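Please keep the structure open while you read the points.

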Amino acid sequence: MRYLPLTPDDRAAMLAKVGAPTIDDLFVDVPAEARLPGPIPGLPHHQGEMLVERELTRMAAKNMAAGAHPFFIGAGAYRHHVPASVDHLIQRGEFLTSYTPYQPEIAQGTLQYLFEFQTQVARLFGMEVANASMYDGATATTEAIFMARRITKRPRTLISRGVHPHYVRAAETLCHFTGDELETAAPTPGRTPPTDDMADLIARIDDRTSAVIVQNPDCFGHVADLSPLADACHAKGALLIVVVTEVVSLGAIRSPGEMGADIVVGEGQSLGVGLQFGGPHLGLFACNLKHVRQMPGRLCGETVDADGRRGFVLTLSTREQHIRREKATSNICTNSGLMSLAFSIHMTLLGEKGLRQLAALNHARACETAERLAAIPGVTLLTERFFNEFAVALPVPARQAVRDMAEMGVLGGVSAERLWPDRPDLANVLLIAATETVSPADIDALVRALTEVVSK
């Protein structure tokens, strides 16, 4: 009864209180065709623990594990080597159980590592202040839209065609309920879309524009100088929001803050967290100090106690379940505490020199991969300046090419049509990521597989 503490009499009393004859009556709003009428097909109805483990292991063996095959999948989630010490440390009882500082005065350890995490994110992004993390990059992006509206008192946000489509869809879903106006443009994976996209964005900034959102590197891997766009935003009283989905890139390219960004958000999964079947991941959020009171989430600060000893406090927590209630800047109820700790440990192990070396290795692997693939007859490199991800055009549909390469034991990338299912003109575009986990033998395997696929 550990997880089912209610007796039949308890349930009957609760149902009577709410006026429902049976538990099924609580779900009358769910269409009958959406309800599961019985056991899940294909799963045994009831087995002992050992047999369940055996069956689940058999089912899991059907998957192609990222670490067991040449792996070139990116598109917003990247495979990097996570040192074993990261998992070892985050599983210590002091960390694993102190999930969130609801009683900050007795959670000094939690507050300290969150303070260190904030410092690392702020330095990476080139910003003055960062919060104690958010759910993921997509929700952090939407929170930045809300924050920009509060600052500028304007309703309209322009979103670059290079922003990850999943981030855009998350923003559209949430902004549907807030009334924020989002304007997006169709992606074009040509050789110079950042230049064209930036000119288009600059031309569309007006007195109703709250913010402009761009991603760097963008969803096709392009790296751009955002300084002209930042200047154009500020000239019209708008804010520049920069999205970073591959945080390792900041070991090689200028930070968004150096290019004039007002708010920087991103996904921290690349450092310490791992792919984890899509989550939990880690949202990063930073801004300039003058806007800090409009920043969502938690902010931990450093102070001294009455005896002059160093200590940490929960400096800002403008969330709905705290004192601000309906005046809260966000209804996000927590931070990704354990994931931010993993990020911070990995970042600490690397240090600045290590991060730059890691970024250089990523770039070198990607350059080698791109050069080899561009030499295959019929394959065209679409991304001219990139970090560790780029797009190629194939003479065959990319989705089928991915499936065919998987049959050969190579996880060869992500079809652009998978990200934009309503764009048949992107059917032959393949996104390929190469991180430090890619070996020369992996690149050879990819070249062989793709050569065979495009020559059919």
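**Notes on the model**

1. L36, I40, L43, V52, L56 and M59 make a nonpolar surface patch of about 510 Å². Keep in mind that this is a predicted model. Take I40 as one member of the patch. I40 sits in the loop between α1 (8-18) and α2 (49-60). Its relative accessibility is 47%, so I40 counts as partly exposed, because the exposed class begins over 50%.

2. Now look at two helices. Helix α6 covers residues 137-152, and helix α7 covers residues 165-178. Their axes come within 8 Å and cross at roughly 45°. What do we call such a pair, parallel or oblique? Angles under 35 degrees count as roughly parallel, and roughly perpendicular runs from 65 to 115. The α6 and α7 pair is therefore oblique. The crossing of α6 and α7 is right-handed.

3. Next, the charged side chains. The model has 19 salt bridges. One of them joins E94 and R92, with the closest N and O atoms 2.7 Å apart. E94 is partly exposed, at a relative accessible area of 46%. R92 is partly exposed as well, at 39%.

4. R156 and D206 deserve a point of their own. Their side chains meet in a salt bridge, 2.9 Å from N to O. R156 lies in strand β2 (residues 156-159), and D206 lies in the loop between α8 (193-204) and β4 (209-215), so the pair ties together parts that are 50 residues apart in sequence. Are the two partners buried or partly exposed? R156 has 6% relative accessibility, so R156 counts as buried, because the cut-off for buried is under 20%. D206 has 28% and counts as partly exposed.

5. R156, R161, E183, D197, D200, R204 and D206 are linked in a network of salt bridges. Trace this network on the structure, residue by residue.

6. Finish with R208 and E181. The side chains of R208 and E181 form a salt bridge, 2.8 Å from N to O. This pair links distant parts of the chain, 27 residues apart. R208 is in the loop between α8 and β4, while E181 is in strand β3 (residues 181-183). R208 is partly exposed, with a relative accessible area of 38%. E181 has 32% relative accessibility and counts as partly exposed.

How values were computed: Residues are numbered from 1 along each chain as its sequence is written. This is a predicted model: local features need pLDDT of at least 70, side-chain atom pairs count only at pLDDT 80 or more; totals for chains, interfaces and linings use all residues. Side-chain values use heavy atoms; hydrogens and water are left out. Patches are made of residues with over 30% relative accessible area and no salt bridge: like charges are joined within 9 Å, nonpolar side chains (Val, Leu, Ile, Met, Phe, Trp, Tyr) within 5 Å. Accessible areas come from the Shrake-Rupley method with a 1.4 Å probe; for residues, only the protein chains shown count as cover. A salt bridge is a side-chain nitrogen of Lys or Arg within 4 Å of a carboxyl oxygen of Asp or Glu. Helices (H or I, at least four residues) and strands (E, at least two) are DSSP runs, numbered from the N terminus. Buried means under 20% relative accessible area, exposed over 50%, partly exposed in between (1.4 Å probe, protein chains only). Axes are lines fitted to C-alpha atoms, for helices over the stretch in contact, and angles run from 0 to 180 degrees between N-to-C directions. Angles under 35 degrees count as roughly parallel, over 145 as roughly antiparallel, 65 to 115 as roughly perpendicular and the rest as oblique. A crossing is left-handed if the near helix is turned anticlockwise from the far one by less than a right angle, and right-handed if clockwise.
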